[in-house]
Amino acid sequence: MNTHALERTSAATLALGTLLAVGALLLPANARASTCVFTSTNLEIGSVHEEVRCLQRYLNSKGFSVSASGVGSTGNETNQYQTKTAAAVAKWQEKNGIIPATGTFGPLSRAKYIVLTSTTLPAPAPVPVSTPTPTPIPPPTPTPSLSSEAKNARSAILDARDAYEDAMDDYEDAKDDGDNVGKSKTLLSEAHRQIIDSLYSFIDEDFGDARKYAEDAEDTIDEALDEIDGKDSRDDVTRVQAKEALSDARDAFKDAEDEIDDSNADDDDIDDAYDLLDDAEDFINDAEDAYDDGYYDEVVDHTKDAVSLIKKALKKI
């Protein structure tokens with residue numbers, strides 16, 4: 001697991017950081033001349049790139065010295081990212097509110113760098129005021145609406161963001177109470193990385209991948225919550241197991257409904273099959289309510305009842 005995944009923030013902040021990074025490339029040439037443009041995904045210990053040299057020059061110029069003398073010192077910057085560079089980056093992160101300060105120059109650090117350097121651009125020279133010649137104002141260009149695939153991806157990303165923020169609150173509460181949090185921190189870091197991947201895919205208009213990464217993040221968050229001591233102490237069944245049982249019951253219901261719709265059985269048999277499906281759907285709804293309330297044993301019980309009725313309905317045809 002890369003350490004940059006531990007930089008904690010909401011998905012909304014991640015989106016802002018990503019857009020700022022893209023926006024930096026749109027700055028005028030004279031505005032970018034004295035700053036670094038970072039295109040690498042991450043700079044970390046072991047990275048070898050000219051971007052490292054630019055980063056070291058920036059850190060040295062801002063009082064976060066890579067080295068007092070020799071390699072990495074002012075005038076002796078290198079293209080190699082080693083422990084001294086990581087230590088200087090960590091101090092810079094602490095100063096600028098990037099938590100945790102891991103020493104890895106990742107997406108949040110790049111976004112913060114862009115904000116800091118863009119606000120220090122010199123003011124433009126005054127331009128003589130002249131009376132402009134009136135020109136016709138063209139009608140506004142209508143904003144294109146999102147496709148259904150893009151809307152689904154956006155919705156999945158927002159759901160993952162909300163789930164991540166709630167899970168982080170649960171993690172912090174459990175840690176403050178001295179509860180065992182297991183490997184939840186590692187899992188939440190993985191979810192954080194998956195949310196970043198979904199944002200990049202969305203910007204690249206790879207909406208299918210964006211949705212998949214966001215849904216993977218939600219699954220990872222569920223696993224993290226299962227690791228937090230006391231989260232599921234009321235049940236023997238974990239959140240992930242309950243979620244799988246509910247998904248299987250829904251799939252079984254849909255397959256049975258399609259099979260009955262296509263059946264050539266007598267009307268009376270089909271009516272009986274549909275009645276049994278209606279009862280099965282009631283159990284699935286009860287299972288969904290139990291899942292939302294965190295009663296995962298009940299989820300499994302209700303889905304078992306639903307599947308039993310689905311099998312009886314299929315026997316009618």
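Among contacts in the protein between residues at least 6 apart in sequence, 68% join residues at least 24 apart. The model is predicted. Its secondary structure consists of 11 helices and 0 strands, and 38% of the 317 residues count as buried.

**Fold and surface**
- Along the sequence, the pattern reads α-α-α-α-α-α-α-α-α-α-α.
- The protein has an accessible surface of about 18300 Å², and carbon and sulfur atoms account for 49% of that surface.

**Aromatic pair W92 and F105**
- The structure contains 7 aromatic pairs, among them a tilted pair formed by W92 and F105.
- The ring centres of W92 and F105 are 5.8 Å apart, with 40° between the planes.
- W92 belongs to helix α4 (residues 83-95) and F105 to the loop between α4 and α5 (107-118), so their pairing ties together parts that are 13 residues apart in sequence.
- W92 is buried, at a relative accessible area of 1%, and F105 is buried with a relative accessible area of 1%.

**Aromatic pair F202 and F207**
- F202 and F207 make an edge-to-face pair, with 5.2 Å from centre to centre and 65° between the planes.
- The angle between the F202 and F207 planes is 65°, and the pair counts as edge-to-face because the cut-off for that class is over 60 degrees.
- F202 is partly exposed, with a relative accessible area of 22%, whereas F207 counts as buried at 15% relative accessibility.
- The two residues fall into these classes because buried means under 20% relative accessible area.

**Aromatic cluster**
- One aromatic cluster is formed by F38, Y58, W92, F105 and Y113.

Notes: Residues are numbered from 1 along each chain as its sequence is written. This is a predicted model: local features need pLDDT of at least 70, side-chain atom pairs count only at pLDDT 80 or more; totals for chains, interfaces and linings use all residues. Side-chain values use heavy atoms; hydrogens and water are left out. Rings of Phe, Tyr and Trp (its six-membered ring) pair if their centres lie within 6.5 Å; planes under 30 degrees apart count as stacked, over 60 as edge-to-face and the rest as tilted. Helices (H or I, at least four residues) and strands (E, at least two) are DSSP runs, numbered from the N terminus. Buried means under 20% relative accessible area, exposed over 50%, partly exposed in between (1.4 Å probe, protein chains only). Contact means heavy atoms within 4.5 Å. Accessible areas come from the Shrake-Rupley method with a 1.4 Å probe; for residues, only the protein chains shown count as cover.
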